[in-house]
Amino acid sequence: MHNVKTSIHFLGTGDSMGVPRVYCGCRVCEEARTTGSNRRWRSSLLLRRGEEELLVDCGADWREQMERLGKRTVGNVLITHAHFDHIGGLPELADLCRWTGVQPVLYAPEEVLAVIRRQFPWVEGRLIFTEAKPGMELLGWRITPFRVNHGKNGYSYGYRFQRKETGWVYCPDSIALGEREKGHMRDLRLLILGTSFYKEEADFHTRSVYDMVEACGLVKELAPGETLFTHMSHDIDLDHPPELPEGIKLACTGQELFL
């Protein structure tokens, strides 16, 4: 396994509402309904290394994401926070476990596990709930969870994956990060960061995720080797993408990259 690469597969790159919005007739939503390059399921990753798999977040679109891949089972699961767009698929995953007999491990910080227990009390009987702690190892990576500001929505978690000199971070929901939080995001080969709009006009105190203008400032400060923005709303048109600094790209649903 020493030289086996890890693949990062973007199952979804949308924000909490996904794209298209049911009520919306904007250019992006209409394109998402037709040719579909802007169709975005809720943000989620599938990591693979050899025969091992790790699903990062299990949102409301999980079943459709699995159908698109033709997958009938899943490996272990890592959850960033207990909002519906990140855990809404857990009842369906628990149903899969019931009928197939598999029992994956669900990793999350203890406060996240507590919310999942309250919202979906039957899920723990089908998955093995395990607290995500700094230094745990999955797929050959040493993983560090770190709490991040999620604005008006409270807190989320980012995850740093480290193996020897290679480090990368997945942080789908955050805003206005402080020095302690940013300390986990330095010296990275890859940063996967959640944004929503290119430039969000809503009052700052009502917001919960970086816009792309703010995120570009953060990336300039952190200076990772490569950055991919995910968690994008219908404000972002992949057919006419905004001009971004060198080294920053927009993630696409179905995209796969290797580390």
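**Ground rules.** The model is predicted, so I use local features only at pLDDT of at least 70 and side-chain atom pairs only at pLDDT 80 or more, while totals for chains, interfaces and linings use all residues. Numbering starts from 1 along each chain as its sequence is written, and side-chain values use heavy atoms, with hydrogens and water left out.

**Helix α7.** I looked up α7, residues 212-222; helices are DSSP runs of H or I with at least four residues, strands are E runs of at least two, and both are numbered from the N terminus. Which of its residues are buried (under 20% relative accessible area, 1.4 Å probe, protein chains only)? I found Met 212, Ala 215, Cys 216, Leu 218, Val 219 and Leu 222. They sit on the same side of α7, because they cover an arc of only 160° around the axis, taken from the directions from the axis to the C-beta atoms. Their cover includes α6, β11, β12 and β13.

**Its two ends.** At the start, a side-chain oxygen of Asp 211 comes to within 3.1 Å of the backbone nitrogen of Val 213. After α7 comes Ala 223, with a positive phi near 55°.

**The cores.** A nonpolar core is a set of buried Ala, Val, Leu, Ile, Met, Phe, Trp, Tyr and Cys residues joined through side-chain atoms within 4.5 Å. The largest has 26 residues, and Leu 106 is one of those touching the most other members. I noted that α4 gives the most to this core, five residues. Apart from it lies another core of 25 residues, including Phe 10 and Trp 168.

Note on methods
Buried means under 20% relative accessible area, exposed over 50%, partly exposed in between (1.4 Å probe, protein chains only). Contact means heavy atoms within 4.5 Å. A polar contact is a pair of N or O atoms within 3.5 Å; within protein, one must be able to donate a hydrogen and the other to accept it, and residues adjacent in sequence count only if both atoms are side-chain atoms.
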